[in-house]
Amino acid sequence: MSEQPHDEDCIFCRIVDEEIPARTIHEGPETLAILDANPLAPGHTLVIPRGHYETIQGVPDGARAAVFDALGRLVGPIERATGADGSTVGFNNGAAAGQEVPHVHGHIIPRFDDDGGGPIHDVIASPVSLTETELDDIAARIVDAVDA
Ligand SMILES: [Zn+2]
């Protein structure tokens, strides 16, 4: 494990450093999973890299893989422990997307058949309507950006 970036003003870095208590449910060499202090549902869990990275694209390959691995390993036990019927698993990536703590954290939100919540597709109140040409153009621009 290499030296990881750290921000002493970051609440998640302080939890990693055990300066602030949290309900830890899983620890890995590059990740920590804790219960969300303000849960949307029982068992709402956050998986964070131990290093301070603000967005998903800033997380180096090994830690990024470790975060996804932890998410995948924890979803089943969280659903079993809470009796959930499913889960919403996702990231608010960047302030525009509602990310409140600028330290990457993946949410596992247990979902129940009658919880009244919606799918990820509901995060945009007024979805765009794009033409086939516009979709082709955006796809080409993203492919170019990936290759750059
Ligand atoms: Zn941090």
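# Working chat on a predicted model

Modeller: In this predicted model, T45 stands opposite I108 in strand β5.

Colleague: How many bridges join β3 to β5, and in which sense do they run?

Modeller: Three bridges join β3 to β5, and the two strands run antiparallel.

Colleague: And what does β5 do with β4?

Modeller: Strand β4, residues 86-91, pairs with β5 in the antiparallel sense over six bridges, and within that pairing S87 has P110 in β5 as its bridge partner.

Colleague: What about β2 and β3, how many bridges there?

Modeller: β2 and β3 run antiparallel and are joined by five bridges; A33, for instance, stands opposite V47 in β3.

Colleague: So what is the strand order in the sheet?

Modeller: The sheet is open and has five strands in the order β1-β2-β3-β5-β4, with antiparallel pairing. Its edge strands are β1, residues 24-27, and β4, each of which pairs on one side only. Ignoring direction, neighbouring strands of this sheet are turned by 20° against each other on average.

Colleague: Let me step back to the chain. Which elements does it have, and in what order?

Modeller: The protein chain has three helices and five strands, and from the N terminus on the elements run α-β-β-β-α-β-β-α. The C-alpha trace spans about 50 × 45 × 25 Å along its principal axes. Of the contacts with a separation of 6 or more, 60% are between residues 24 or more positions apart.

Colleague: Where does α2 sit relative to the strands?

Modeller: Helix α2 lies across β1, β2, β3, β4 and β5, and it runs at about 15° to β5.

Colleague: And the largest nonpolar core, which residues touch the most other members?

Modeller: That core has 21 residues, and A33, V47, A70 and L74 are the ones that touch the most other members. At least two residues each come from α1 (11-16), β2 (31-35), β3, α2 and β5 (106-111), and α2 gives the most, with seven residues.

Colleague: Take A70 from that list, what does it touch?

Modeller: Not counting residues up to four places away in sequence, A70 touches H26, G28, T31, A33 and V47.

Colleague: How much of the whole chain counts as buried?

Modeller: Of the 148 residues of the protein chain, 24% count as buried.

Colleague: Which residues is R50 in contact with, leaving aside its close sequence neighbours?

Modeller: Leaving aside neighbours within four places in sequence, R50 is in contact with Q4, V16, E30, T31 and L32. By contrast, L40 is ten residues from R50 along the chain, and their C-alpha atoms are separated by 23 Å.

Colleague: Last one, α3. How far does it reach, and why does it lie largely in the open?

Modeller: Helix α3, residues 132-147, has 16 residues and reaches 23 Å from its first C-alpha to its last, which is close to the 22 Å expected at 1.5 Å a residue. It lies largely in the open because the number of buried residues among its 16 is zero.

Definitions and conventions
Residues are numbered from 1 along each chain as its sequence is written. This is a predicted model: local features need pLDDT of at least 70, side-chain atom pairs count only at pLDDT 80 or more; totals for chains, interfaces and linings use all residues. Helices (H or I, at least four residues) and strands (E, at least two) are DSSP runs, numbered from the N terminus. The expected span of a helix is 1.5 Å times one less than its number of residues. A residue is buried if 20 or more other C-beta atoms lie within 10 Å of its own, exposed if 12 or fewer, and partly exposed in between; C-beta atoms are placed from the backbone. Two residues are in contact if their C-beta atoms, placed from the backbone, lie within 7 Å. A nonpolar core is a set of buried Ala, Val, Leu, Ile, Met, Phe, Trp, Tyr and Cys residues joined through C-beta atoms within 7 Å. Two strands pair if DSSP finds at least two bridges between them. Axes are lines fitted to C-alpha atoms, for helices over the stretch in contact, and angles run from 0 to 180 degrees between N-to-C directions.
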